[in-house]
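Please keep the structure open as you read.

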Amino acid sequence: MMSTMDIKKINLKDFTPDKIRNFSVIAHIDHGKSTLSDRLLELTGTISDRQKHEQFLDKLQVEKERGITVKAQTASMFYEHNGEIYLLNLIDTPGHVDFSYEVSRSLYACQGALLLVDAAQGVQAQTMANFYLAFEQDLKMIPVINKIDMAAADPERISKQLINLFDFEKNEIVLTSAKNGIGMQKLLSAIVERIPAPVGDHEKPLKALLFDSWFDEYRGVICLIALHDGIIKKGDNITLAQSGKKYEVLEVGLMYPDQAQKDALYPGQVGYLITGMKTVKEARVGDTIYHTKKEVKPFPGFKPAKPMVFAGIYPTVSADFEHLSDAIEKLTLNDASVSVEKKSSDALGLGFRCGFLGLLHMDVFKQRLEQEYGLDVIATAPSVLYKLKMKNGEDLQIERPSDFPDPSKIETVFEPIIDATIITPKEYLGNIIHLCEDKRGQQTDLTYMDEQRVILKYKLPLNEVASDFYDQLKSLSSGYASFDYEEANYEPSDLVKMDILLNGKPVDALSVIVHKDKAYNMGRDLTQKLRKVIPRQLFEIAVQAAIGAKIIARESIKALRKQVTAKCYGGDITRKRKLLEKQKAGKKRMKRVGNVDIPQEAFMTILKK
Ligand SMILES: Nc1nc2c(ncn2[C@@H]2O[C@H](COP(=O)(O)OP(=O)(O)OP(=O)(O)O)[C@@H](O)[C@H]2O)c(=O)[nH]1
Ligand SMILES: [Mg+2]
């Protein structure tokens, strides 16, 4: 087999397009993409025994810890089929809806895709979304039913779903267990036999698609490129079509699975490129690379990833601001989809307003700030981008609730609406319809996928989804319902700003935008919750919810009577110290607003129902 292939001796010139297959692995979250990709890399000898360990392709600490893929990963391998050696290029993609942008741009570098479906769970919301992404790009898909080793596996039933929903033929479906390595040879053969070779001409001028980029501390910006025509090699002078900027090629090579330098890349091949670029902002994904002076017609380009939810990020200790600023700059070097703006809050001081692709994306970003940079941060409740038509004819776009203008000056507020797809076992249908209605949803479709599962389509306001919608959906369906969405449009809506006052002073970072009909309930709810999460302090604290000047709810937090250490009767000094330390640790996550200490949970209570 190929396990002894020495990458240094391989001449990429031998791999003409007919000997190349480029494909992505796509699926719903957790259906086994990364595990299967690891198996393929092992089988073809790309990962040596030394490197072999769980989830090789999930490189980030958050990815390993959470067991989810956040960033698409590319890896090349060599595979012998009927006496010929093929160069296979695999892209493992994330399954979570927040990162669907990673999927769509990966697909541009491919001619085919493995559509994985969990043998027990069957087709889920992201399976459908990803199928259509690949379908729209005319990719050849290979349906794969994975995890057939599981006791609950039901490949018969899942096959029917694939046939009914996506028009696959029964004999196209490959059965695998990525865990036990079952079906891998068959899958590799199918990849070579069914996925079309890329088209490209080495005599034509260089035309390559830049489809991914990241910043490496030691090597600078690394771009991933898919070559259509021509040859790219070290020393070439290249131009990026969109930016018009020129660079010298310092290095090209294959991801094998780490960077393996080669002399040149040839038509149809996918590999990495290093130039003198300083930031990933220069390496716009979707851009076209050509040899300077040999301009080509550029690719249409990708729609940029757009932030959907916004939140404030503040250091818990104000003195950490510079450190936070540095950390955010470094993290965004590698994640161009996060938007960042320096903003100060009356309550929280100097910080940042950041835009994210979704709640998981935001959560991951925050976790990375904490883990990789040792920062303590406060994140405010996420918000969405509203469009306002003012009575004076002005148009405004506002995402920070505290920026909402005086309601008497607003003509109409428009809010973002999404098209949601929910797949659920039929026994939870009632629960889910109820939830969607509670979230101001409008049903647009309801179809049965088979005897057991229902596909529901709803139009839902994004601001209702950007809270605890997903958690509720999961708990109302015992974890079985899945959810995907895409943005639809903006619609006028009766929205108002609700302020939260502590001891009569509004805390700007706690303001929320709510629908008028829900304001009273939400005000009562929020003040009750804040009463529970804000610890008692030496004085009484009034917690109020207000719309404009009108107070709609009020709670109070009674004053603490004794100091913690008073219980110790001055005797036991170790116990006293322990208590003081505990108190200090408890304080760590607090932010002092006026004279009130507010814990991080307070900002998140807004999220939870
Ligand atoms: N029993 C069994 N478990 C599997 C199989 N393949 C994957 N798993 C398990 O399923 C879980 C998810 O696997 P991943 O490979 O991380 O799934 P993924 O599709 O890459 O997930 P995301 O990238 O987060 O969308 C892990 O616990 C795997 O060990 C399989 O064939 N059989
Ligand atoms: Mg994965």
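The report below covers a sheet, a ligand site and a nonpolar core.

Please bear in mind that this is a predicted model.

Let's begin with the sheet. Eight strands make up an open sheet with antiparallel pairing, and their order is S11-S10-S16-S7-S8-S15-S12-S13. Strands S11 (246-248) and S13 (259-262) are the edge strands; each has a single partner strand, so one side of each has no neighbour in the sheet. From one strand to the next, the twist averages 40 degrees. As a general point, strands of a sheet pair through backbone hydrogen bonds, either parallel or antiparallel. In this sheet, strand S7 (residues 207-216) pairs with strand S16 (residues 288-291) in the antiparallel sense over two bridges. Look for Ala 208, whose bridge partner in S16 is Ile 289.

Next comes the ligand. Ligand 1 is surrounded by 21 residues, and the closest are Gly 32, Ser 34, Ile 68, Thr 69 and Gly 95. Helix H1 (residues 33-43) gives the largest share of this shell, three residues. The table shows how the shell divides by residue class.

| Class in the shell around ligand 1 | Count |
|---|---|
| Nonpolar | six residues |
| Polar | ten residues |

Finally, the core. The largest nonpolar core has 169 residues, and those touching the most other members are Ala 113, Leu 115, Cys 223, Ile 225, Val 309 and Ile 422. Strand S8 (residues 220-229) provides the largest share of this core, seven residues. Which residues does Ile 422 contact, leaving aside its neighbours within four places in sequence? They are Ala 125, Ile 432, Leu 456, Tyr 458, Ala 481 and Phe 483.

How values were computed:
Residues are numbered from 1 along each chain as its sequence is written. Chains are lettered from A and ligands numbered from 1 in the order in which they are written. This is a predicted model: local features need pLDDT of at least 70, side-chain atom pairs count only at pLDDT 80 or more; totals for chains, interfaces and linings use all residues. Two strands pair if DSSP finds at least two bridges between them. Helices (H or I, at least four residues) and strands (E, at least two) are DSSP runs, numbered from the N terminus. Axes are lines fitted to C-alpha atoms, for helices over the stretch in contact, and angles run from 0 to 180 degrees between N-to-C directions. A residue is near a molecule or strand if its C-beta atom, placed from the backbone, lies within 6 Å of it. Ala, Val, Leu, Ile, Met, Phe, Trp, Tyr, Cys and Pro count as nonpolar, Asp, Glu, Lys and Arg as charged, and the others, Gly among them, as polar. A nonpolar core is a set of buried Ala, Val, Leu, Ile, Met, Phe, Trp, Tyr and Cys residues joined through C-beta atoms within 7 Å. A residue is buried if 20 or more other C-beta atoms lie within 10 Å of its own, exposed if 12 or fewer, and partly exposed in between; C-beta atoms are placed from the backbone. Two residues are in contact if their C-beta atoms, placed from the backbone, lie within 7 Å.
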